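Student: I have a new structure to look at and would like to learn how to read it. Could you walk me through it?

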Amino acid sequence: MFARISLLTALGAAVVAFGAGAGPVSLRPSQADRIAGCGVEKNTYEIGGIFGHWLLAGHANQLERNDRSVIRFDLARQIVRGGVDRAVLRTRQSHFGYRDETVRLEVLTAEWPQLTANTLLTNQTRTIAEYTVSAGTADTELCFDVTDFVNAGLLRGNGSLLFRFSSLTAAREGNPQTEACGVTIHENDIELSID
């Protein structure tokens, strides 16, 4: 059974119910379109995620890592349309560790032809939402209305759009108990639905 979270943010990002309004186009990132790694050490990252599949926001182990994850979606076929009526980013996430984790979802405002450490560290971003996942929460489905961000990317002529998940808790508090803690973004349950 999956838990559901309703999210409201001070930033005004609309969050919609999972399963509502699925569009005719469903985009899923390949392993080459995902990257996860350390937010404090520039060259500690892995394409596809940690160990080739683990996407997370937080600390992957007992070290002070502040890991982040970036997911890229190919929008080349959408450029011809010039814009979309609605775009929804869907994810499934699970908490691990000893504390609540506040996560920030951002869109990268520049196009990146390759996923590198710079995509994990760049400040060329706009915040979509900030939300808290409580300790012990498992398999939570989250959806974010990203229509404005997709249309802005298409207007710039971007052939792809990148989203980044990072932990504000890890950035603010570090890792005082030297234990793994954070949020896992399930790599097989990431989808951008476009109407």
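Tutor: Here we go from the overall makeup to the sheet, the cores and a single residue. Keep in mind that this is a predicted model.

Student: How many helices and strands does the protein have?

Tutor: Its secondary structure amounts to four helices and 13 strands.

Student: And what share of the residues is buried?

Tutor: Of the 195 residues in the protein, 53% are buried.

Student: How should I read contacts along the sequence?

Tutor: Look at how far apart the partners sit in the chain. Taking contacts between residues at least 6 apart in sequence, 81% join residues at least 24 apart.

Student: Now the sheet. In which order do the strands of the open sheet run?

Tutor: Read it from one side to the other: β4-β3-β6-β11-β8-β9, six strands with antiparallel pairing. At the edges are β4 (45–47) and β9, each of which pairs on one side only. From one strand to the next, the twist averages 15 degrees.

Student: Could we zoom in on one pair? How many bridges link β6 and β11?

Tutor: Seven bridges join β6 (residues 68–74) to β11, in the antiparallel sense. For one example, find Arg72: its bridge partner in β11 is Leu162.

Student: Which residues touch the most other members of the largest nonpolar core?

Tutor: They are Leu89, Val146, Val150, Phe163, Phe165 and Leu192, in a core of 36 residues. Strand β9 (residues 125–133) gives this core its largest share, four residues. Apart from this core lies another, of seven residues, including Leu108, Trp112, Leu115 and Leu162.

Student: What does Val146 contact, leaving aside neighbours within four places in sequence?

Tutor: Val146 is in contact with Ala87, Val88, Leu89, Ile128, Phe163 and Leu192. Of these, Leu89, Phe163 and Leu192 are also on the list of residues that touch the most other core members.

Student: Last one: where does Asn158 lie, and is Asn158 buried or exposed?

Tutor: Find the loop between α3 (147–155) and β11 (160–167); Asn158 lies there. Asn158 counts as buried because its relative accessibility is 7%, and the cut-off for buried is under 20%. Beyond its neighbours within four places in sequence, Asn158 is in contact with Leu75, Ile79, Thr109, Ala110, Glu111 and Gly153.

Technical notes
Residues are numbered from 1 along each chain as its sequence is written. This is a predicted model: local features need pLDDT of at least 70, side-chain atom pairs count only at pLDDT 80 or more; totals for chains, interfaces and linings use all residues. Side-chain values use heavy atoms; hydrogens and water are left out. Helices (H or I, at least four residues) and strands (E, at least two) are DSSP runs, numbered from the N terminus. Buried means under 20% relative accessible area, exposed over 50%, partly exposed in between (1.4 Å probe, protein chains only). Contact means heavy atoms within 4.5 Å. A nonpolar core is a set of buried Ala, Val, Leu, Ile, Met, Phe, Trp, Tyr and Cys residues joined through side-chain atoms within 4.5 Å. Two strands pair if DSSP finds at least two bridges between them. Axes are lines fitted to C-alpha atoms, for helices over the stretch in contact, and angles run from 0 to 180 degrees between N-to-C directions.
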